[in-house]
Amino acid sequence: MKIKTLEYIHQLLKEAEAKTSADCEAAQRLQDEYMEKGMEEELIKFQEETMDQLMAKNLAAAYALKDFEKEDW
């Protein structure tokens with residue numbers, strides 16, 4: 001693989017991790033807001049499930065980035 005390809009992949013991984021991290025933070029803020037306002041339990045439960053899915057995506061992106069950066073290319 002060429003260095004430009006590796007650099008591009010690395011950049012994509014960093015962007016994916018940053019985006020999923022931001023999505024998790026936004027979901028957490030929304031869940032906190034729902035809880036503070038005493039929203040319906042169904043809505044809070046749905047938000048928790050959404051946050052769990054986003055956290056799983058964020059962990060996958062973070063692990064992929066970490067694995068990529070550990071490689072000795």
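Two residues are taken to be in contact when heavy atoms lie within 4.5 Å. In the predicted model, Gln 47 meets this criterion with Ala 27, Leu 30, Gln 31 and Tyr 34, its neighbours within four places in sequence being left aside.

Gln 47 belongs to helix α2, which covers residues 41–70. The 30 residues of α2 reach 43 Å from the first C-alpha to the last, close to the 44 Å expected at 1.5 Å a residue. Besides Gln 47, the buried residues of α2 are Ile 44, Met 51, Asn 58, Ala 61, Leu 65 and Phe 68. The cover over these buried positions includes helix α1, residues 3–36.

At the level of the chain, the secondary structure consists of two helices and zero strands. The radius of gyration is 17 Å, well over the 11 Å that the globule rule gives for 73 residues, so the chain is more spread out than a compact globule. Along the principal axes, the C-alpha atoms fill a box of roughly 55 × 15 × 15 Å. Of the contacts with a separation of 6 or more, 70% are between residues 24 or more positions apart. Buried residues make up 19% of the 73 in the chain. The accessible surface comes to about 5,800 Å², and carbon and sulfur atoms contribute 55% of this area.

Side chains of opposite charge can pair when their charged atoms come close. The count of salt bridges in the model is three. Glu 7 pairs with Lys 4, with 3.9 Å between the closest N and O atoms; both residues are in α1, three residues apart, about one turn of the helix. Glu 7 is partly exposed at 43% relative accessibility, and Lys 4 is exposed at 63%. Asp 23 and Lys 19 form a salt bridge with an N to O distance of 2.9 Å. Asp 23 and Lys 19 also lie in α1, four residues apart, about one turn of the helix. Their relative accessibilities class Asp 23 as partly exposed, at 26%, and Lys 19 as exposed, at 52%. In the pair formed by Glu 33 and Lys 37, the N to O distance is 3.2 Å. Glu 33 is partly exposed at 35%, whereas Lys 37 is exposed at 59%.

Terms used. Residues numbered from 1 in each chain as written. Predicted model: local features only at pLDDT ≥ 70, side-chain atom pairs only at ≥ 80, totals over all residues. Heavy atoms only, no water. Expected span 1.5 Å × (residues − 1). Buried < 20%, exposed > 50% of the residue type's maximum accessible area, 1.4 Å probe, protein only. Rg over C-alpha atoms; globule rule 2.2 N^0.38 Å. Areas by Shrake-Rupley, 256 points an atom, 1.4 Å probe, with all protein chains shown as cover. Salt bridge = Lys/Arg side-chain N within 4 Å of Asp/Glu carboxyl O.
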